[in-house]
Amino acid sequence: MRVISGQYKGAKLISPRGEVRPTTDMVKGSLFSMLQSRGLITGSVCLDVFCGSGSLGIEALSRGASSCVFVDLDTKNVNANLDKLHAASRVVQSDFRRALRILKDVKFDLVFCDPPYKTDYAEDVYKLLIKYGMLGANGIAVLEHAHDRPLKTIPSRNIIDSRVFGVSAFDLVRGESEGDICGNV
């Protein structure tokens, strides 16, 4: 796994071992082309939840994001990658619910969420982002999930783009008020 474009282009990233599914370079390239074409990266304040190696947040930083906060239970790989690149960023080692409570006063322009596919954590993260008002005025959450597990509780009017890459699906979702989201976290 490597950084595709920008300041850190070509840098090889350390990725977690075991039952993980790092976002491939092809998928990451397609995702970032979508984001850049919408003007969503340059100068953005980002959050990378379930960051693993930090690949998505680091790609955003490499392409001009102003900052990124990385969240995961195991932060060994993201810390190693950030150290290797000399990229100063905040890393929160915690489960996503606690981390979002800690960060609830921060407004993010771009949120990456790549949880384990056999969970509904992408929707849970989105609900908490809305509950805490963490998406900026034009904030977008990029929710990755298994293509055969569509997002159920997010109103379709909030989904501005969807793409499927093999077993992976990405939904770009804009913020709305808490009353528009179904279910509790």
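The notes below go from the overall fold to the core and then to one residue.

This is a predicted model, in which local features need pLDDT of at least 70, side-chain atom pairs count only at pLDDT 80 or more, and totals for chains, interfaces and linings use all residues. Residues are numbered from 1 along each chain as its sequence is written, and side-chain values use heavy atoms, with hydrogens and water left out.

**Overall fold**

- You will find five helices and seven strands in the protein chain; helices (H or I, at least four residues) and strands (E, at least two) are DSSP runs, numbered from the N terminus.
- Along the sequence their pattern reads α-β-α-β-α-β-α-β-α-β-β-β.
- The protein chain is as compact as a globular protein of 185 residues, because its radius of gyration is 15 Å, close to the 16 Å from the globule rule (taken over C-alpha atoms; the rule is 2.2 Å times the number of residues to the power 0.38).
- Taken along the principal axes, the C-alpha atoms fill a box of roughly 45 × 35 × 35 Å.

- Of the 185 residues, 51% are buried (under 20% relative accessible area, with exposed over 50% and partly exposed in between; 1.4 Å probe, protein chains only).
- Among contacts (heavy atoms within 4.5 Å) with a separation of 6 or more, 63% join residues 24 or more positions apart.

**The nonpolar cores**

- The largest nonpolar core has 31 residues, and Leu-31, Leu-35 and Phe-112 have the most contacts inside it; such a core is a set of buried Ala, Val, Leu, Ile, Met, Phe, Trp, Tyr and Cys residues joined through side-chain atoms within 4.5 Å.
- Elements that give two or more residues to this core include H1, helix H2 (55-62) and strand S4 (108-113).
- H1 gives the most, with five residues.
- Apart from this core lies another, of 26 residues, including Val-49 and Ile-154.
- Not counting residues up to four places away in sequence, Phe-112 touches several residues, among them Leu-31, Leu-35 and Val-142.

**A look at Asp-25**

- Asp-25 lies in helix H1, which covers residues 25-37.
- Asp-25 counts as partly exposed because its relative accessibility is 25%.
- Leaving aside residues up to four places away in sequence, Asp-25 touches Met-1, Arg-2 and Ile-4.
- Asp-25 and Pro-115 are 90 residues apart in sequence and 18 Å apart in space, C-alpha to C-alpha.
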